[in-house]
Amino acid sequence: MTEYQIFTVDAFASKPFEGNQAGIVPVPADKPLSAETMLKLAAEMSIAETAYLTPLSSNPGTEPFQTESHFNLRWFTPAYE
């Protein structure tokens with residue numbers, strides 16, 4: 001099974017533990033997640049929104065989440081996209 005990093009951030013906040021909590025999941029282009037899996041992960045996170053970021057392109061031998069600037073973004077709540 002492929003492992004993914006999952007981050008929790010406080011959006012719209014100037015201090016930790018304030019604002020709107022959101023999940024962030026970087027999804028490598030070569031390891032896509034199905035919409036069904038994204039929905040299950042969002043439900044497991046049990047917070048208002050979970051975002052999935054996938055790089056639109058990448059250069060071989062580089063880390064796309066550090067070098068790319070264009071990403072596909074999908075938002076899921078625990079119930080639907």
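**Close-up views of a predicted model**

Phe-71 is partly exposed, at a relative accessible area of 29%; here, buried means under 20% relative accessible area, exposed over 50%, and partly exposed in between (1.4 Å probe, protein chains only). A word on the basis of these views: this is a predicted model, in which local features need pLDDT of at least 70, side-chain atom pairs count only at pLDDT 80 or more, and totals for chains, interfaces and linings use all residues. Residues are numbered from 1 along each chain as its sequence is written, and side-chain values use heavy atoms, with hydrogens and water left out.

**View A. The structure holds two aromatic pairs.** Rings of Phe, Tyr and Trp (its six-membered ring) pair if their centres lie within 6.5 Å; planes under 30 degrees apart count as stacked, over 60 as edge-to-face and the rest as tilted. For Tyr-52 and Phe-76, the ring centres are 5.5 Å apart and the planes stand at 90°, so this pair is edge-to-face. The pair links distant parts of the chain, with Tyr-52 in strand E3 and Phe-76 in strand E4, 24 residues apart. Strands (E, at least two residues) and helices (H or I, at least four) are DSSP runs, numbered from the N terminus. Tyr-52 is buried at 1% relative accessibility, and Phe-76 is buried at 3%. Phe-65 and Phe-71 have ring centres 5.8 Å apart and planes at 20°, so they form a stacked pair. Phe-65 is partly exposed, with a relative accessible area of 28%.

**View B. Seven residues make up the largest nonpolar core.** Look for Val-25, Val-27, Leu-33, Met-38, Ala-42, Tyr-52 and Phe-76. Such a core is a set of buried Ala, Val, Leu, Ile, Met, Phe, Trp, Tyr and Cys residues joined through side-chain atoms within 4.5 Å. In soluble globular proteins, nonpolar side chains tend to be buried together. Leaving aside residues up to four places away in sequence, Val-25 touches Tyr-4, Gln-5, Ile-6, Thr-50, Ala-51, Tyr-52 and Leu-53, where contact means heavy atoms within 4.5 Å.

**View C. Thr-54 is found in strand E3, residues 49–55.** Thr-54 is buried, with a relative accessible area of 19%. Its contacts, not counting residues up to four places away in sequence, are Val-27, Pro-28, Ala-29, His-70, Phe-71 and Asn-72.

**View D. Tyr-80 lies in the segment after strand E4 (71–76).** Tyr-80 counts as exposed, at 55% relative accessibility. The C-alpha atoms of Tyr-80 and Ala-43 are separated by 9.0 Å, and these residues are 37 apart along the chain.
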